[in-house]
Amino acid sequence: MTIVLPTVVGVALIGVVLRDAFDALFHVEGRGTVSRLLARLVWRAFRWVDRGHRLFPLAGPVALVVVITTWAVLLIVGWALIYWPHMPGAFRFDAGVDESDPALLHALNLSIVTLTTLGFGDVTPASPALRLIVPVEALVGFGLLSASIAWLVSIHPALARRRSLAYEISLLRVAEADGRLSFEDLPPDAAERLLAELTSRLIAVERDLVHFPIVYYFSAADPRFSLPVAAPYLLELGLRGTREGRPEVVRLRAALLLAAIHDFAVTTARRFHGAEASGAEELLRAYARDHLATER
């Protein structure tokens, strides 16, 4: 068997995973191409299958598992392709291991055991080069596990910020609908503080979508915590704050909020659902449709 072709393919697979994992976990714009494609495919599958919305909130967690599993599988196959041409001559086998089994099977077994850092030791490298290469796979496997845990830890605060913002907007909308509160009746300093707080929190949520694109695919089962449901009211609040007769400081804060809403809507369109529109209102409708929020 030629050594070059399997080795080149194996190195390419490893390189794709390492680059994608680095971009998804550490790049400031979360540019992981493979991970974003997989997450979008899972998202579309859930949208197509689950019209009752009972399983739809699982799309994000499932997408996360699919991405991490795909990384692991590609790494296993990539390292196995590197070992495959050297099987069985360049390895030592324990007495209980049948060397006559297919070389690819031995290579996959060694790759799985090494990547998961189990270290059974029933197949060990004999050549000096492979004795250096095999531990590298163990280091990569340990790094993938650590990075995946760090990813999970980073995603949770981002989801909490988005759900908290959506819930606060929902409470404001309900309070106005019940007549307990009117934005127009707030003192200028209170209205200014409210708009400033909403603006800063929306900017943080928009940055979360850029840094950790996977969070887009986590849909809230409860409409109170769903930003696609709450966003139109936030836009309405910003427009009301810019009306004539409002104090200058309130109009300024409302204008900043409208700018943040526009940037948020453009980010969701360009990076996720792909809708083409110039206005924030149309883009927010597309955002809600992508989350099936208009059908709940």
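## Close-up views of cavities, helix contacts and backbone

Figure 1. The model holds 4 cavities of 30 Å³ or more, where a cavity is a set of points, on a 1 Å grid over the protein atoms alone, at which a 1.4 Å probe fits but cannot get out. The structure is a predicted model, in which local features need pLDDT of at least 70 and side-chain atom pairs count only at pLDDT 80 or more, while totals for chains, interfaces and linings use all residues. Residues are numbered from 1 along each chain as its sequence is written, and side-chain values use heavy atoms, with hydrogens and water left out. The second largest cavity has a volume of about 40 Å³, a volume being the space filled by probe spheres set on grid points that are joined across faces, edges and corners. Its lining consists of Arg162, Phe218, Ser219, Ala220, Phe225, Ser226, Leu227, Pro228 and His291, with lining residues taken as those that have an atom within 4 Å of a point. This lining divides into 5 nonpolar, 3 polar and 1 charged residues, where Ala, Val, Leu, Ile, Met, Phe, Trp, Tyr, Cys and Pro count as nonpolar, Asp, Glu, Lys and Arg as charged, and the others, Gly among them, as polar.

**Figure 2. The largest pocket and its lining.** The largest pocket contains about 210 Å³ of space, a pocket being an open set of points with protein on both sides within 12 Å along at least five of seven lines. Around this pocket stand Ile68, Ala72, Ile76, Leu115, Thr116, Thr117, Gly141, Phe142, Leu144, Leu145, Ser148 and Ile149. Helices H3 (59-83) and H5 each contribute at least two residues to the lining, and H5 gives the most, with 6 residues; helices (H or I, at least four residues) and strands (E, at least two) are DSSP runs, numbered from the N terminus. By residue type, the lining of the largest pocket comprises 8 nonpolar, 4 polar and no charged residues.

**Figure 3. Helix H1 against helix H5.** The axes of H1 (residues 4-26) and H5 (residues 128-177) come within 11 Å and cross at roughly 25 degrees, the axes being lines fitted to C-alpha atoms over the stretch in contact, with angles running from 0 to 180 degrees between N-to-C directions. H1 is therefore roughly parallel to H5, a term for angles under 35 degrees, whereas those over 145 count as roughly antiparallel, 65 to 115 as roughly perpendicular and the rest as oblique. The crossing of H1 past H5 is left-handed, meaning that the near helix is turned anticlockwise from the far one by less than a right angle. Leu18, Ala24 and Leu25 of H1 make the contact with Val140, Ala147, Ser148 and Trp151 of H5, where contact means heavy atoms within 4.5 Å. The residues of this contact are 6 nonpolar, 1 polar and no charged.

**Figure 4. Helix H5 against helix H7.** H5 and H7 pack at an angle of about 60 degrees, with their axes 9 Å apart, so that H5 is oblique to H7. Their crossing is left-handed. On the H5 side Arg162, Leu165, Ala166, Ile169, Leu172, Arg173 and Glu176 take part, and they meet Leu227, Val229, Ala230, Tyr233, Leu234, Leu237 and Arg240 in H7. This contact includes 10 nonpolar, no polar and 4 charged residues.

**Figure 5. Helix H7 against helix H8.** H7 (residues 227-241) packs on H8 (residues 248-273) at an angle of about 145 degrees, with the axes 8 Å apart, and passes H8 in a left-handed crossing. Leu227, Leu234, Leu235, Gly238, Leu239 and Gly241 of H7 touch Val250, Arg251, Ala254, Leu257, Leu258, Ile261 and Phe264 of H8.

**Figure 6. Backbone geometry in two loops.** Met87 and Pro88 are joined by a cis peptide bond with omega of about -5 degrees, and Pro88 lies in the loop between H3 and strand S1 (91-93). Thr117, although not a glycine, has a positive phi of about 60 degrees, and this residue is found in the loop between helix H4 (103-115) and strand S2 (123-125).
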